[in-house]
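Please read the numbered points alongside the sequence and the model.

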Amino acid sequence: MQGPGIAWYLGISAFLFGTGALGVLLRRNPIIVLLSLEIMLNGGNLALIAFARHAGNGAGQIFALAVMAVAASEVCVGLGLVVAINRRRLALDVDKLSELRG
Amino acid sequence: MIHTPHVDWFAISTVLVLLGASFIALLGAVLVPAALRRTFAVTVAALGSLGGIVTSVWLYVDSANGHRVIADSFYRDRWTALTQVILCATTLATVLVGADRVREHESEFFALLLASAAGMTFFVGSANLMVMFLSLEWFSIALYVLCAIDYDLEGSLEAGLKYLVVGSFGSAALLFGSALVYGATNRIGFAEIAQQVGVHGLSGDLLLVLGLAMILAGLAFKSSAAPFHMWTPDVYQGAPTTVTAFMSSATKVAAFALTFRILRTAFPQEAHLWTWALAGIAVASLVIGNLAALVQTDVKRLLAYSSISHAGFILIGLSTGTALGGRALMYYLVPYSAMAFGSFAIVAARERELGKPVTLENLAGFGWERPFLGVAMWFFMFGFAGLPLGGGFIGKFYVLSAAYDHGWTWLVIVGVLATLVSLYYYLGVVRAIYMRGPQLAVATGGSPPRETLLHIAVGAALVVSVGSLVAVGPLITLARHAASALPF
């Protein structure tokens, strides 16, 4: 099988992870933050699948499948919280959620 | 035909008992009439965590020869079992404190609490990267919801969302690190990783080292060690105090026990790297936790920073990476979890009395109004500070002697200095409780609520924290047996 080498896949997955991390750190809308978290997890997933293909064992692929399920439930809880906050008509801006000062 | 592995059901019985109780408690939300719902949920949750204690003690007795079960994905050994005992005991205490404190959605609260405890008991036994990630998310997601369960309070929702964002960030780092380690070694089992590294001489491999660093960062987020602690004060303050008590004790126990296991089992060849990394994290936690605690006036925030500084102490034991360090870690976790739980439970009692956040200011006279809780708080604070009134003293002594034994005198000095600084704010709490008489402005008439169950939980925490000083010999023997399950 010919195709891009493992380094390319790893590069893209690191790029995805970095993009997601920057999104979590810089963006303020909680929905975008949740989206960025998903991108981070998908970066990890891509790396797992690429390595599984490279190594020829299935562990990484099964890992990635499980991660997808976890990511879905995580974003489900996250969106639930966003809806609950929105219902209370709080500002949808993580910087304005400052009743607790950290 | 699909080949299914042999399942040793007894090895995961603690997890199953907690999970089963969680399902029953949740069913109670629809099947049990509203009037009985609280009693039902509390009873099921208490029985479930009691059952968990029984099975994990049994497992401890019956697992002298540690080995892996269920397709080599779960450790059945004494390290797992002893941690599970601590976790289940903390859960039981949380159930008692939560019993008359949870305001609504009782069934859901206790179901989530038990589900989270089940996740933690699974987490500490995990034997490969996938089980570790899955069980980490299992208990974390339950905790996110628990933090936000008082959803009519702004602080609670905010705490839930903050914990979710920061916690998921940590989990994502852990996942990416796991992927890199898998890429470097082609294995996900802890023991196999170490074996591959040994066979192929990978110990300086860039992928492996990067992966290890990201896994450590992910776990440090969970154990709230500096510089991964920024969420801790906010979340501890905003979450319902019952949940805070659970998080500050159980989550840390699980995270530290697993961190030591994965480092010893999967990365023994990289010990020269992670011992220094952990020592650095320990010093950062001690400095940041103690200095920030000095200026806090909100008691929950103060205790949150105190928990960060204790993460530093525990990491001193961890960073040595020796068998002595492992024993010190296991011993430290027992009085620490009791004191952390007990102190937050007392804050919960005061909070209910006042109906507003507890500060050092409005803690005045508490020791005279509620003598038992006052004395207990006094013991917990002195125990936290490392005075010989509880197991905290031996714990600190033990981790510092592990560092000394490792040849790290400088770390011992940092630890002692941190203890001296911490005396100031711990004594500040005791002073606030006793040095001023009952404040007329606070006394609103009538005697304080009875709260029998809360008193039982605080009493149990007191017995454990003082008892770990009295029964130090047997406890160290337990810790030694547990640590001998790990490869050294």
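1. A loop between two strands. B:Asp72 is found in the loop of chain B that runs between strand 1 (67–69) and strand 2 (74–76). Please note from the outset that the model is predicted. Although B:Asp72 is not a glycine, its phi is positive, at about 55 degrees. Its relative accessible area is 36%, so B:Asp72 is classed as partly exposed.

2. A second residue with positive phi. B:Ser224 is likewise not a glycine and has a positive phi, of about 45 degrees. B:Ser224 sits in the loop between helix 8 and helix 9 of chain B. Is B:Ser224 buried or exposed? B:Ser224 has a relative accessible area of 1% and is therefore counted as buried.

3. A cis peptide bond. The bond that joins B:Ala226 and B:Pro227 is a cis peptide bond, with omega at about 0 degrees. B:Pro227 belongs to the loop between helix 8 and helix 9 of chain B, and B:Ser224 is also placed in that loop.

4. The overall form of chain B. Chain B contains 19 helices and two strands. Its radius of gyration is 21 Å, close to the 23 Å that the globule rule gives for 488 residues, so chain B is as compact as a globular protein of that length. The C-alpha trace of chain B spans about 75 × 55 × 40 Å along its principal axes. Of the 488 residues in chain B, 64% count as buried. When contacts in chain B between residues at least 6 apart in sequence are considered, 80% of them join residues at least 24 apart.

5. The nonpolar cores. How many residues does the largest nonpolar core have? This core has 201 residues, and B:Leu129 and B:Phe267 are those with the most contacts inside it. Helix 13 (residues 323–354) of chain B gives the most to this core, contributing 18 residues. Apart from this core lies another, of five residues, which include B:Ala11, B:Ile12, B:Val69 and B:Ile70.

6. The surroundings of B:Leu129. Residues up to four places away in sequence are not counted here. B:Leu129 touches A:Phe63 in chain A, and in chain B its partners include B:Val181, B:Ile188, B:Phe190, B:Ile193, B:Ile215 and B:Ile262. B:Ser178 and B:Arg187 are also among the residues that B:Leu129 touches.

7. A buried serine in a helix. B:Ser116 is located in helix 4 (residues 106–123) of chain B. With a relative accessible area of 0%, B:Ser116 is buried. Neighbours within four places in sequence set aside, B:Ser116 is in contact with B:Phe139, B:Ala142, B:Leu143 and B:Phe246.

8. An alanine under the burial cut-off. B:Ala46 lies in helix 2 (residues 34–62) of chain B. Why does B:Ala46 count as buried? The relative accessibility of B:Ala46 is 17%, and buried means under 20%, so B:Ala46 falls in that class. Beyond its neighbours within four places in sequence, B:Ala46 is in contact with B:Leu92 and B:Val95. B:Thr94 is 48 residues from B:Ala46 along the chain, and their C-alpha atoms are separated by 9.2 Å.

9. The largest pocket. The volume of the largest pocket is about 700 Å³. Of the 28 residues in its lining, B:Asp150, B:Leu153, B:Pro240, B:Thr241 and B:Glu351 are the closest to its centre. Helix 6 (154–185), helix 9 (231–238), helix 10 (241–266) and helix 13 of chain B are the elements that give two or more residues to this lining. By class, the lining of the largest pocket comprises ten nonpolar, seven polar and eleven charged residues.

10. The cavities. Three cavities of 30 Å³ or more are found in the whole structure. The largest cavity holds about 70 Å³ of space. Among the residues that line the largest cavity are B:Leu216, B:Leu219, B:Ala220, B:Ser223, B:Phe256, B:Thr259 and B:Leu315. Helix 8 (206–222), helix 10 and helix 11 (271–294) of chain B each supply at least two lining residues, and helix 8 gives the most, with three. The lining of the largest cavity has eight nonpolar and two polar residues, and no charged residues.

Definitions and conventions. Residues numbered from 1 in each chain as written. Chains lettered and ligands numbered in written order. Predicted model: local features only at pLDDT ≥ 70, side-chain atom pairs only at ≥ 80, totals over all residues. Heavy atoms only, no water. Core = buried A, V, L, I, M, F, W, Y, C linked by side-chain atoms within 4.5 Å. Buried < 20%, exposed > 50% of the residue type's maximum accessible area, 1.4 Å probe, protein only. Helix = DSSP H or I, 4+ residues; strand = E, 2+ residues; numbered from the N terminus. Contact = heavy atoms within 4.5 Å. 1 Å grid on protein atoms, 1.4 Å probe; cavity = no way out; pocket = protein on both sides within 12 Å on 5 of 7 lines; lining within 4 Å. Points joined across faces, edges and corners; volume = space filled by probe spheres on them. Nonpolar A, V, L, I, M, F, W, Y, C, P; charged D, E, K, R; others polar. Rg over C-alpha atoms; globule rule 2.2 N^0.38 Å.
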